[in-house]
Amino acid sequence: MSQRLLNDRDIDFLLYELLNTEALMQRPRYQEHSREVFNATLDTAKTVAEKYFANHNAKADSNEPTFDGDKVTLIPETKEAWNAFAEAGFLAAHYDFEDGGMQLPEVILRAAMGYFSAANIATTGYPFLSIGSANLINSFGSDAQKAKFLPPMQEGRFAGTMALTEPGQGSALADIKTTAKPAADGSYRLFGQKMFISGGDQSLTDNIVHMVLAKIEGAPAGTKGISLFICPKFLVNDDGSLGERNDVALAGLLHKMGYRNTTSTVLSFGEKDGAVGYLLGEPHKGLNYMFQMMNEARIGVGMGAAVLGYQGFNYSLDYARERPQGRLPSNKNPESKQVNIIQHADVRRMLLAQKAYAEGALAMCMFASSLFEDSHTAETEQQRQQAFLLLDLITPMVKSWPSKYGLKANELAIQVLGGSGYIREYPVEQYYRDNRLNPIHEGTEAIHGLDVLGRKVLLNKGAGFKLFLDSLAASIEQASQLELAKEFVTPLNNALSTLAETTRVLTEKLGEDPELSLANATVYLDLFGRVLASWIWLKQALVAAEKLGTNNGQASQLHETEVNFYRGKLQAARYYFQWELPEIYPQAELLQRFDRAPLDMQDAWF
Ligand SMILES: Cc1cc2nc3c(=O)[nH]c(=O)nc-3n(C[C@H](O)[C@H](O)[C@H](O)COP(=O)(O)OP(=O)(O)OC[C@H]3O[C@@H](n4cnc5c(N)ncnc54)[C@H](O)[C@@H]3O)c2cc1C
């Protein structure tokens, strides 16, 4: 069975019906673009993804990268994919024309990346990290640093990494041990070890630019003492040619459950005289800078999780349409033909849940990308600020909800395939293994729960949270005007009040007893994620309801396939509101009574 990438109709729906991407052309930055240009970009992404990325997704999974003590070897298709990605211009597509880019908007590029990740999430890891690292240099680097590193990164001669985690420090970056000693020439010498660094060594590019978090000797304790350094594998001469090998050594590769074709490395900095590092921006502001990359990466991780969920959904749907097995409960005739499993209500339940998770997650990430776009290019300063405020608040859920439910979708895809789902001849078990990473990296679920409850909802006197509540209320008001969307009004109103009340109760306790207030923050993250997902589903349902008009589309002029598409959206929204949203009520009850079971559990009692 061939493997289709995402769903072009859905991408079109998200871009042009849900998000009104065409309106971007009124903004000065995009005036020279057209819908044709946007669509051509997506077509290119899909073609390159199908030809150069999907071709080795399974092969790379069973032939993981190796290290012989000298060099890293990847299957050759990886380099072809890297080259094709670079040649198609995607490493630089978001830069302005004058900086060698295509000046394309975030939402288009995010959708383009969606095709690559759907085809091969592990190989896409290399450009994903490289684009993020280059963005950091572009935002905070000096002119000389930009001139030296950006062109080769945009062209694909150099790749980039983000080197935060250490063997002893992952979630708690405040305690990193890597140190930076000032050198006479104004650069620094780095000493320390980093672990889990994706793409930390490979055989794709001439050079690798590590973005390394380290503490300058004598820096203040905690996150306020962290600085960010550019530390290339090979030093770069002023004329751009490669110089000596820097003192960065690959200590070894890590062997993973999934995402295997992205090398996971342990890197040693400064085993000899110290690795030459160049301070990016000002000292001690490194974590703030890195947050720019992490926030972009978090939408990207959510997107990766969403599209893996989507791929499993696509595959299991196609399978269910072709696999004959059993008969319906009402049919007692053993000689009658077996039905395809999609005829069984329970299989449709699993497919509908996957649709709700995968399409919901994709829409959530695309919505977040449009906020990112607005925060940079919306017409007025106030619009830009509002977009930033909302995005900042919802980022923990945009990363975590798709990561949790994209994975759940993959679990259901395996279940739909039955025994076939569990064997490696079918792709769904790989999707599951690949996706299992997403609730872990870029901040675990726990860390995002603490972030949203302990910080984000209170930030700017709760302005972001209030904006979120107001935005939902506006969508509810819209729903009350549309016949086909009215059923969503009361459930979302109730959910909104429950979220607001739970947030009030928990944050009131924060000052008095932070341990207790935050003990169940991961449950709060899930509750908030469910409300956000419901809003995203309502937004999709509003478009569908409007298109269908009255009478479920029967009176509309739409083609039958279009009616089916919109009905599918409404049905998935209905499923989410009936089956998933109500889970917030037991969660809210548990949270508001400050259940202490995990908090009071003692180490010795295990
Ligand atoms: C495949 C892969 C790729 C990665 N790529 C990169 C990369 O490119 N660059 C990079 O810098 N890092 C990378 N990482 C590292 C990743 O970001 C960390 O693994 C992650 O942040 C968790 O850190 P840790 O592994 O040290 O776990 P720990 O921080 O030790 O966490 C272990 C457990 O304790 C929980 N926990 C920790 N602190 C708290 C707390 N305060 N409250 C409640 N619970 C807590 C966590 O939620 C988790 O369940 C990657 C990891 C993997 C597996």
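1. The lining of the second largest pocket in this predicted model comprises, by class, 16 nonpolar, 10 polar and six charged residues. In total, 32 residues line this pocket, and the space within the pocket amounts to about 840 Å³.

2. Concerning the centre of the second largest pocket, the lining residues nearest to it are Leu19, Phe367, Ser370, Leu371 and Asp374. Four helices each contribute at least two residues to the lining: H9 (345-377), H10 (381-417), H13 (459-480) and H16 (521-548). Of the lining, H9 provides the largest share, with six residues.

3. A separate point concerns strand E6 (residues 207-216). Each of its residues, 10 of the 10, is buried, so the strand is largely enclosed by the rest of the structure. Asn207, Val209, Met211, Leu213 and Lys215 point one way from E6, while Ile208, His210, Val212, Ala214 and Ile216 point the other way. Both sets are buried, Lys215 and His210 included.

4. Strand E3 (residues 158-163) pairs with E6 in the parallel sense over six bridges, and Thr161 stands opposite His210 of E6. Strand E4 (residues 179-182) is also a parallel partner of E6, over two bridges; here Thr179 stands opposite Lys215.

5. With strand E7 (residues 226-232), E6 pairs in the antiparallel sense over seven bridges. Ile226 is the bridge partner of Lys215 in E7.

Definitions and conventions. Residues numbered from 1 in each chain as written. Predicted model: local features only at pLDDT ≥ 70, side-chain atom pairs only at ≥ 80, totals over all residues. Heavy atoms only, no water. Buried < 20%, exposed > 50% of the residue type's maximum accessible area, 1.4 Å probe, protein only. Pairing = 2+ DSSP bridges. 1 Å grid on protein atoms, 1.4 Å probe; cavity = no way out; pocket = protein on both sides within 12 Å on 5 of 7 lines; lining within 4 Å. Points joined across faces, edges and corners; volume = space filled by probe spheres on them. Nonpolar A, V, L, I, M, F, W, Y, C, P; charged D, E, K, R; others polar.
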